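Q: I am new to this structure and would be grateful for a close look at one part of it. Please begin with the model as shown below.
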Amino acid sequence: MKQILIKNAYVVSMNSERQIFNNGSILIENNLIKSIGKVDPSLVNEDAEIYDAGGKIVLPGFVNTHVHLSQQLGRGIADDVDLLTWLRERVWPYESSFDYEDSLISSTACCVELIKSGVTTFLESGGQYVDAMVEAVQNTGLRACLSKSVMDEGEGLPNQWIKTTQEELDSQINLFNNHNDTAEGRIKIWFALRTIFNNSDDLIIKTKMLADKYNTGIHMHIAEIAAENEYVKSSRGNSTVEQLHRLGALGPNLLAVHTVWLTDREIDLFKLYDVKVSHNPAAAMKVVLGFARIPEMLEKGIPVSIGTDGAPSNNRMDMMREMYLTSLIHKGRTLNPHCVPAEQVLEMATINGAKCALLDKEIGSLEVGKKADLIILNPNTIHSLPMHDPIANIVYTMSSENVESTICNGKWLMKERNVLVINENEILEKVKLQAEKIRKKANINLPSRFPVVDII
Ligand SMILES: [Zn+2]
């Protein structure tokens, strides 16, 4: 059996009492936490790896609850444009030009960026080549809830994405049967409804029935823009959330992403049905969706977590930056300095993320018997010292550059900034080549913002 003992650490456990173990230790055995706080030396085997954290901060790995692996190579193709241009003229043509190899490179690059920002679990909103995502997650050692984004109607869809309701349902079942609980249990297969613009009532009802039958989650963009509610009202007579309620689709296994345009009643419905929420502050600001009513949802006890969204809408997959924004934008909106304080933001990025992933019995906090998913933050940088108030420092001053090491399922994925699971330089080269190739294939031309002078 393999053991790692991390000692001399400032361990922020995020357990139910939110205990911090100053000068604490964690004993990892295989993929689980065997002991935490004060570790009895008799539990430590002779051949255990002993790692002295030198007083650095140990945290549960972050849970990023909204990721688009297949958009990673599209970073920068849709900046400073409105949402419909973003979607129909840039991201869809780009993403729909993908083949398996493109998707594998995109997914792998995204996983590496996630590892480097301290993420150990992520929830994928659903691209088209889920097999390639599975391969990337297998190779990079992360934990993930993967899904295929299903669409059976709607305007402007690329031809190759037009499928019948039954085809979309069958493909989800196949993926579930082939990949759920694979990669040492790190991969879960979820179902995913892209957005109500692209999902018939029939597809929504049947997806919910299947997710319940297979005991898995549903990932869906919900009430993303004001026009979405108007569209659903005119075509189906209700707002998105009211329509999902009517169809019986609200429930504890639904992850609602963005949720910018909710009424008081809809927030109450989320609470009543224990719906989970993914808040994506950078994307909401950048693609100008609006301010989600996150403080109101947190106040009611709705499990709200944090997601980055995809690379073209953020444009970083950086949970540390997202935590900072989460606190700031709601303080700015409410003009209340107590709104979404640092400790609540950290809960959103860890234990609430685990609840949203339906994995809070296994991850989200550092406790005996839970999975050994953790990160080490180095606070000794010029931008993060001094450390008068460590939890506030994590949220307000640190960035992903402070993430020094990442362990998932008891395995070092990154140690002292070296990614161990993959050759990072190789993937950088592939990203450059492939991203350009796909952009040409998709016929997306971006004029230079300033005049370029070629010097010969
Ligand atoms: Zn999204």
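By class, how many nonpolar, polar and charged residues does the lining of the second largest pocket have?

A: This is a predicted model, in which local features need pLDDT of at least 70 and side-chain atom pairs count only at pLDDT 80 or more, while totals for chains, interfaces and linings use all residues. Residues are numbered from 1 along each chain as its sequence is written, and side-chain values use heavy atoms, with hydrogens and water left out.

The lining of the second largest pocket has nine nonpolar, three polar and nine charged residues (Ala, Val, Leu, Ile, Met, Phe, Trp, Tyr, Cys and Pro count as nonpolar, Asp, Glu, Lys and Arg as charged, the others, Gly among them, as polar). A pocket here is an open set of points on a 1 Å grid over the protein atoms alone where a 1.4 Å probe fits, with protein on both sides within 12 Å along at least five of seven lines; lining residues have an atom within 4 Å of a point.

In total, 21 residues line the second largest pocket, and Q72, R75, E113, L428 and V431 are the ones nearest its centre. The space in this pocket comes to about 410 Å³, a volume being the space filled by probe spheres set on the points. Two helices (DSSP runs of H or I, at least four residues, numbered from the N terminus) each supply at least two lining residues: helix 2 (100-116) and helix 15 (424-441). Of the lining, helix 15 gives the largest share, with seven residues.

By class, the lining of the largest pocket comprises twelve nonpolar, eight polar and five charged residues.

H66 (NE2), H68 (NE2), H221 (NE2) and D309 (OD) coordinate the zinc ion at 2.0 to 2.6 Å (donors are N, O and S atoms within 2.8 Å of the metal, or 3.2 Å for Na, K and Ca). Along the sequence, these donor residues follow the spacing H-x1-H-x152-H-x87-D. H221 lies in strand 12 (residues 218-222) and D309 in the loop between strand 15 (304-306) and helix 11 (319-334), so the pair ties together parts that are 88 residues apart in sequence; a strand is a DSSP run of E, at least two residues. Both H221 and D309 are buried, that is, under 20% relative accessible area with a 1.4 Å probe and protein chains only.

Definitions and conventions
Buried means under 20% relative accessible area, exposed over 50%, partly exposed in between (1.4 Å probe, protein chains only).
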